[in-house]
Amino acid sequence: MGQPLAKSRWYRLIPIAFITYSLAYLDRANFGFGAASGMATDLKITPSMSSLLGSLFFLGYFFFQVPGAIYAENRSAKKLIFWSLILWGGLAMATGIISNVNLLIVIRFMLGVVESAVMPAMLLFLSRWFTKAERSQANTFLILGNPATILWMSVLSGYLIKAVGWRWMFILEGLPAIVWAFFWWRLVDDKPKDATWLTESEKQAVEEQLQQEQQGIKPVKNYAEAFKSRIVILLSLQYALWSIGVYGFVMWLPSIINAAPNMNIVKTGWLSSVPYVLAIIGMLSASYFSDKTLNRKLFVWPFLLLGAIAFYGSYLIGVNHFWISFVLLIIAGGAMYAPYGPFFAIIPDVLPKNVAGGAMALINSLGALGSFVGSYIVGYLNGTTGGFGASYIFMAGSLFLSAIITLVAVKPAGSTYKPQPEKLTLQ
C-alpha cells in the first residue's frame, strides 16, 4: 500500500468544500421562505407564477452543467468556482432589491446558470484528492452543505423575515458568497501536485494511489461513448426521478407546514429544519458504511424506497393528523438525503477520469431537470387541488421508481476493486 495518505487533506479541503457548497444552497432554499412570506404579495406573484419562479432556477441549472464540468476537467475547477461564488452572491442579493416580477424571472434563471457547474466541478475536484475508499465520505461532507444549510437557514430566514422583511433576508444571505470567494481562491489548489502544504512524498502517494485505481477501469475514448453507456443513461433517469422528490420537498415544505393550524413563520422555520437533522445523520452513516464495504448500491436504493413509503404514509394519514404526518415527512426528508455520498461515488468507481466529470455533470443535469419538474408540478398540484395530498403521491411515485432503477442500473458482483473490463457496471 506504501505510505499512508496525508490526513491533512481532510482537515484542509473538506471544511472549505462544505462551506462553498453550503453557500450555493442558501438561495435555492430561502426562495421557499420568501414565497411563504410577503414576496408574493409585494411583487403580485400569482400561485402559477410562484411555481414557475421556483422551478426556473433548475432550468438554467440543467443547460450549463456539462460545459461547466468540461471546463473544470480541462482547465480549472478552482477558477470556475471562484467566479460562480461572486456571481451567485450578487444575483441572490439582487433578488431582495428588484420590484418587478419579470426581473425576478431573469434572476432565477441566471442563478441556475451560474450555479450549474458547481456540483460537478466540486465532485471532480474531490475525485482528484480522495481515493476510492475515501470518496463516498468526501462526497458526503460536500453534499452535507445542502441539509446543514437548509437546517440553519430555515431557522435564520424565519427570524430575518420577521425582523427585517423578505428583501433584507435575500440581501443578507447573498453577501457571504461574495466574501467567501476570496477565501476559496486563497485556500485551495486544483491538484495535489500544486499544494504547497503537502510534502513531496505526500503528493506522490496520493497521485500514485489515484493512478493505480485508474488501471482497473476500462478506458473510455470520449464523452460521447461515456454518455451512451448503460449505467450513465440509467443513473441519469434515476437521479431525475430522485430529484423530483427532493426538490418538491425542499421548495414546498415551508408552505406545507405554514398551512397548519396555529402556525407562524418563525415556528415554520424551526419545524422546516427538523428533517435535515435526520438527513445529516443518515448521510454520514450511509457514506461511512459504503466506503467500508465498497458497496454503493446497498446504501442507495433502500433509502429511496423508505422515502417513497413515508411520503405515501403521510398522504394516507392526511392533514387532519398534522403531527403524525409531519413525523413521516421528517423520515421522508432524511431518507431522500442519506444516499447522496454513495451515489456520487459510483461514476468515478466505474468510469476513467477523462470522462467521469462530464458523466457526473450529465447525471446532475438530468437531476436538475427532475428538480424543475418536481418543484413546478408540486407547486401546481398544491395550487389546483387546494391541498398537499396529490403532491405527496407524485413525490412518492417518483422515489419508488428511482429505487427500482437503482436496482437495475448498478450491478453488484463482488468488490469495486475487481472490475470486469468488458462492462461499464459497478461491481
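This is a predicted model: local features need pLDDT of at least 70, side-chain atom pairs count only at pLDDT 80 or more; totals for chains, interfaces and linings use all residues.
View 1. To the contact between them, domain 1 contributes 50 residues and domain 2 contributes 56 residues. Between domain 1 and domain 2 the count is one salt bridge.

View 2. Side chains of opposite charge can pair when their charged atoms come close. The model holds seven salt bridges, and the pair in this view links distant parts of the chain, with Asp349 in helix α16 (residues 340-350) and Arg135 in helix α8 (residues 132-143), 214 residues apart. The side chains of Asp349 and Arg135 meet at a distance of 3.8 Å, taken from N to O, and both Asp349 and Arg135 are buried.

**View 3. Arg296, Asp291 and the network of salt bridges.** Arg296 forms a salt bridge with Asp291, in which the closest N and O atoms are 2.9 Å apart, and both of these residues are buried. Through salt bridges that share partners, Arg135, Glu213, Asp291, Arg296 and Asp349 are joined into one network.

View 4. Lys203 and Glu200 both belong to helix α10 (residues 200-215), where they stand three residues apart, about one turn of the helix. The closest N and O atoms of their salt bridge are 3.3 Å apart. Lys203 counts as buried because its relative accessible area of 12% is under 20%, whereas Glu200, at 59% relative accessibility, counts as exposed.

**View 5. Phe303 and its contacts.** Phe303 is found in helix α14, which runs over residues 301-317, and with 23% relative accessibility it counts as partly exposed. When its neighbours within four places in sequence are left aside, Phe303 is in contact with Ala286, Ala335, Ala338 and Pro339. The C-alpha atoms of Phe303 and Gly334 are separated by 8.6 Å, although these two residues are 31 residues apart along the chain.

View 6. Most residues other than glycine have a negative phi. Lys44 is not a glycine, yet its phi is positive, near 55°, and Leu294, which is not a glycine either, has a positive phi of about 55°. Lys44 is placed in the loop between α2 (39-42) and α3 (47-63), while Leu294 lies in the loop between α13 (265-293) and α14. Lys44 counts as exposed, with 70% relative accessibility, whereas Leu294 counts as buried, with 11% relative accessibility.

**View 7. A nonpolar patch on the surface that includes Ile404.** Phe400, Leu401, Ile404, Leu407 and Val408 form this patch, and together they have about 400 Å² of accessible area. One of these residues, Ile404, lies in helix α18, which covers residues 389-409. Ile404 counts as partly exposed because its relative accessible area of 37% falls between the 20% limit for buried residues and the 50% limit for exposed ones.

Notes: Residues are numbered from 1 along each chain as its sequence is written. Side-chain values use heavy atoms; hydrogens and water are left out. Patches are made of residues with over 30% relative accessible area and no salt bridge: like charges are joined within 9 Å, nonpolar side chains (Val, Leu, Ile, Met, Phe, Trp, Tyr) within 5 Å. Accessible areas come from the Shrake-Rupley method with a 1.4 Å probe; for residues, only the protein chains shown count as cover. A salt bridge is a side-chain nitrogen of Lys or Arg within 4 Å of a carboxyl oxygen of Asp or Glu. Helices (H or I, at least four residues) and strands (E, at least two) are DSSP runs, numbered from the N terminus. Buried means under 20% relative accessible area, exposed over 50%, partly exposed in between (1.4 Å probe, protein chains only). Contact means heavy atoms within 4.5 Å.
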